[in-house]
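Thanks for coming. Please have a look at the chain on the screen, and then I will go through a few parts of it.

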Amino acid sequence: MDKFADEALIEVSSGSGGNGCVAFRREKYVPLGGPSGGDGGRGGAVVFEVRRNLRTLVHLRYKQSFKAENGRDGEGSQRYGRNGEDTVIPVPPGTVLKDAETGEIIRDFGRQEGSFLFLKGGNGGWGNIHFKSSVTQAPRRALPGKPGEKRRLRVEIQVLADIGLVGFPNAGKSSLLDRFTNARPKIAPYPFTTKIPNLGVLTLGDRDIILADIPGLIEGASEGVGLGIRFLKHIARTAALVFLIDLSQDNYLTAFDILYKELDAFSPELVKKPRLLVGTKTDLGNGGDISTAERLGELRARYPEETVLGISVFSGEGLEELAASLGRLAAAGEKEN
């Protein structure tokens, strides 16, 4: 779990400005040299930079304090102090910066790239060359540098994907992601195989659709039960949702209602997204009087207002139709957003 760090608390400080200098020219052939104290340099800034090769905040777990360099003091002979070096903090796309005390959102990077200047460094102080006047020929006054700023931040990331795959543990989300994309999530016949969100790219013609496999939800996830609550926020940015329902399980007719309730309890905005219901494992029989194909028919009858598809990752049944539907779903979600 530590390999997927989606939250971090850090302390950032910009550099203080350098002090101005009090100095006078004392050269053999310059009898009226006058003041020559230079200005202090500006302190370094705190800059956040989005880098597409990052996916987690694990690097902020090992280093939690960032301080920019202070500006150097001014010197005699009108030598100005050097500006302090900025401290640059790399973050992945989808990062949100919040004030650690109030929770106020300072910056939501979303899909933006580039840099964000968060804290400016303190200005350097003036040297005594600025205070010379007709009245004051030999000023012995200089200004100190301005102090830098310090803030405590909560840094969070929300996975950026076009479509989020939602379902109970072992509903077939990881298998579908493995079949459709170049992602290789862990697949095994026991619950909670997926412990971190996995991303994969489904290529349809000249368009790429990013799919996110969210760790399995269970009833009570919105209240902190299981792993789901930690990752529900990662489907907040998705354009659309796909609910995967295991047709080989006895809860196939109630699974969608439970999942819908958990998403609605976490955020009513989630259930407003375009969605698709997918019955999985249509190649399996349940060992009873009714086949998974018949269960798919019951699922469609229970939710006539929903689009319901049936697939088997093992046999490939329905995957071509699902891929086309995902393309339409992602386009509808983008248009609605």
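A strand here is a DSSP run of E, at least two residues long, and strands are numbered from the N terminus. Keep in mind that this is a predicted model.

I start with a loop. Between strand S3, residues 65–67, and strand S4, residues 87–91, lies serine 77. Its phi is near 60°, a positive value in a residue that is not glycine. Glutamine 78 lies in the loop between S3 and S4 as well, and the phi of glutamine 78 is also near 60°. Why mention this? Most residues other than glycine have a negative phi. Glutamine 78, at 44%, counts as partly exposed.

Next, the sheet. It is open and has 5 strands, in the order S3-S1-S8-S5-S6, with mixed pairing. S3 and strand S6, residues 105–108, are at the edges; each has a single partner strand, so one side of each has no neighbour in the sheet. On average, neighbouring strands in this sheet are turned by 25° against each other, ignoring direction.

Inside that order, S5, residues 95–99, and S8, residues 150–157, run antiparallel and are joined by 5 bridges. Lysine 98 has arginine 154 in S8 as its bridge partner.

Last, helix H2, residues 173–180. Which of its residues are buried? They are Lys173, Ser174, Leu176, Leu177 and Phe180. These cover an arc of only 160° around the axis, which puts them on the same side of H2. An α-helix has 3.6 residues a turn, so residues three or four places apart point the same way.

Definitions and conventions. Residues are numbered from 1 along each chain as its sequence is written. This is a predicted model: local features need pLDDT of at least 70, side-chain atom pairs count only at pLDDT 80 or more; totals for chains, interfaces and linings use all residues. Side-chain values use heavy atoms; hydrogens and water are left out. Buried means under 20% relative accessible area, exposed over 50%, partly exposed in between (1.4 Å probe, protein chains only). Helices (H or I, at least four residues) and strands (E, at least two) are DSSP runs, numbered from the N terminus. The arc is that of the directions from the helix axis to the C-beta atoms. Two strands pair if DSSP finds at least two bridges between them. Axes are lines fitted to C-alpha atoms, for helices over the stretch in contact, and angles run from 0 to 180 degrees between N-to-C directions.
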